[in-house]
Amino acid sequence: KGTLTVDTAEASGARVRLVRAPGSSEAYAWVEGLPSLPAGKVYKAWYIQGSSISPSTAFSSPEGNVWLPAPGRVDQFGQMGITIEADKDAKQPSQAPFVAVQLSGAAKRP
């Protein structure tokens, strides 16, 4: 129980608003203005904590609502980032996220 947390990020015209409940293992993102996808590519969301990166949802719409399951509690991660990938089932990103949302109140590793 608790208040929903909303974290936002903007980079190069891409905007992401991430909504989550305390202790939840999923979040919802509203995305807008994501860069165009080349043929055969997808957007891929990642949960990031330090050098640890965990895959989440692959999607293809540059605008709209995206469900983002996490491998544990979302607040265990420091960021959620989005990349463009050739493989929707990728286990590691092939590049740095083009937009990354800093998760307020997230756990920090020493």
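A: Leaving aside its neighbours within four places in sequence, V6 is in contact with R17, L18 and V19, where contact means heavy atoms within 4.5 Å. Before going on, please keep in mind that this is a predicted model, in which local features need pLDDT of at least 70 and side-chain atom pairs count only at pLDDT 80 or more, while totals for chains, interfaces and linings use all residues. Residues are numbered from 1 along each chain as its sequence is written, and side-chain values use heavy atoms, with hydrogens and water left out.

V6 is found in strand β1, and strands here are DSSP runs of E with at least two residues, just as helices are runs of H or I with at least four, all numbered from the N terminus. At 46% relative accessibility, V6 counts as partly exposed, a class that lies between buried, under 20% relative accessible area, and exposed, over 50%, as judged with a 1.4 Å probe and protein chains only. V6 and S25 are 19 residues apart along the chain, and their C-alpha atoms are separated by 15 Å.

Strand β1 belongs to an open sheet of four strands in the order β1-β2-β3-β6, with antiparallel pairing; two strands are said to pair if DSSP finds at least two bridges between them. Because β1 (5-11) and β6 (64-69) stand at the edges with a single partner strand each, one side of each has no neighbour in the sheet. From one strand to the next, the twist averages 20 degrees, the axes being lines fitted to C-alpha atoms (for helices, over the stretch in contact) and the angles running from 0 to 180 degrees between N-to-C directions.

With a relative accessible area of 17%, S24 is buried, and, apart from its neighbours within four places in sequence, S24 is in contact with G72, R73 and V74.

Strand β3 (residues 26-32) is joined on to β6 by antiparallel pairing over six bridges. Here Y28 has W67 as its bridge partner in β6, while E26 is partnered by P69. In a regular strand the side chains alternate between the two faces of the sheet.

Now for the rest of the chain. The protein has zero helices and eight strands, which gives the pattern β-β-β-β-β-β-β-β along the sequence. Its radius of gyration is 13 Å, close to the 13 Å that the globule rule gives for 110 residues, so the protein is as compact as a globular protein of that length; this radius is taken over C-alpha atoms, and the rule is 2.2 Å times the number of residues to the power 0.38. Of the 110 residues, 38% count as buried. Among contacts with a separation of 6 or more, 55% come from residues 24 or more positions apart.

Another open sheet of four strands has the order β5-β4-β7-β8, again with antiparallel pairing. Its edges are β5 (52-59) and β8 (99-102), each with a single partner strand, so one side of each is left without a neighbour in the sheet. Four bridges join the antiparallel strands β7 (residues 79-85) and β8, and G81 stands opposite A100 in β8. In strand β4 (residues 42-49) lies Q49, which is buried with a relative accessible area of 8%, and the side chain of Q49 reaches the backbone nitrogen of G78 at 2.7 Å.

Definitions and conventions: Polar contact = N/O pair within 3.5 Å; in protein donor to acceptor, adjacent residues only side chain to side chain.
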